Amino acid sequence: EWGTLAAAPANPNMVYASGSGILRISYPSEQTVNVSPAVNPDAHLRSTSTNPLVWSPWTHELYAGFQYLMGTADGGMHWTRLSPDLGYPKGVKPPPEAAAARRGFGGAGGLRPGAIEAIAPSTVARGTIWVGTDNGLIKLTQDGGKTWADVSIPDVPDSTLSDIGAMDASHQHAAEAYVAVDAHRAGDYRPYFYRTRDAGKTWTKIVTGLPTDEPSGSFARVIRADTRRAGLLFAGTESSMYVSFDDGDSWQSLRLNLPNTSYRDATIKGNDLVVGTYGRGIGI
């Protein structure tokens, strides 16, 4: 019910899983090896329960989210930091690693330090990677991690308690991306989905047609852009699934025969939309 699975693109019998470290699992033997950089206590790594894992669209590199974006090109034998500490807002200098680890939720200046919750590399712009944190921040690199910009959404509700639960980069336009913001820790059960068309300089809330009062909660969980058709979006909330045919300007139900439950992830494979629920269900 937590963590991430990522099968190796070149070898589907090699699967990486996070949640209790980062495990490399070989099939059919089911041999498991912990290859997480967090096994080194001197790294003082922070992670969310999701601890996202994403394969680079351009290389054989696996990305992992901590307070840093980490990458490995050799199956976890060696890891490289691809970012500074991304868990603090613009203008706040992170404390030394050991001090940050001791302070825990105190952070710098009383701020709660965040960790990466979502990673979205662009499939059309090599070197462009979006990340979102569990304290409401969005960071962007357009040069493979050499430089990073804070492109956080200015009107996110109670950003210190908001979670950038999912991000997706457009598969047609390099400057476009989509965000699902989960604000329920702040007591806000409404959906918050956003779109940018200018690399995060401005953000547009895209929630028209989405209910705000579903009994199980209407807050945002996941958003995905179709890999072939521009403007076709899919969104999952704590209660249902939705589709937009106009780039998020309006939404309609895609629940069909699906249960009223929490939709935590979604992916597109060919012409199929695959959704996963918190109840460990899979729908296609």
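Predicted model: local features only at pLDDT ≥ 70, side-chain atom pairs only at ≥ 80, totals over all residues.
Residues are numbered from 1 along each chain as its sequence is written, and side-chain values use heavy atoms, with hydrogens and water left out.

**Stop 1: β15 and its partners.** Strands here (E, at least two residues) are DSSP runs numbered from the N terminus, as are helices (H or I, at least four). Two strands pair if DSSP finds at least two bridges between them. Show β14 (177-182) and β15 (192-196): they pair in the antiparallel sense over five bridges. On to β16, which is joined to β15 by two bridges, again antiparallel. Pick tyrosine 194 and you'll find lysine 205 of β16 standing opposite. In general, strands of a sheet pair through backbone hydrogen bonds, either parallel or antiparallel.

Now colour by burial: buried means under 20% relative accessible area, exposed over 50%, and partly exposed in between (1.4 Å probe, protein chains only). Five of the five residues in β15 are buried. Tyr192, Tyr194 and Thr196 point one way, and Phe193 and Arg195 the other way.

**Stop 2: salt bridges.** Side chains of opposite charge can pair when their charged atoms come close. A salt bridge here is a side-chain nitrogen of Lys or Arg within 4 Å of a carboxyl oxygen of Asp or Glu. The whole structure has nine of them. Select aspartate 182 and arginine 221, which meet at 3.3 Å, N to O. This pair links distant parts of the chain, with aspartate 182 in β14 and arginine 221 in β17, 39 residues apart. Aspartate 182 is buried at 5%, and arginine 221 is buried at 16%.

Next, select Arg195, Arg197, Asp247 and Asp249, which are linked in a network of salt bridges. Which distance do you read between aspartate 247 and arginine 197, N to O? For this salt bridge, the value is 2.8 Å. Aspartate 247 is in the loop between β19 (241-244) and β20 (252-253) and arginine 197 in the loop between β15 and β16, so the pair ties together parts 50 residues apart in sequence. Aspartate 247 is buried at 7%, whereas arginine 197 is partly exposed at 46%.

**Stop 3: aromatic pairs.** Rings of Phe, Tyr and Trp (its six-membered ring) pair if their centres lie within 6.5 Å; planes under 30 degrees apart count as stacked, over 60 as edge-to-face and the rest as tilted. The count comes to five aromatic pairs. Zoom in on tyrosine 16 and tryptophan 55: their ring centres are 5.7 Å apart and their planes at 75°, so this pair is edge-to-face. Tyrosine 16 sits in β2 (residues 11-18) and tryptophan 55 in β5 (residues 53-55), 39 residues apart.
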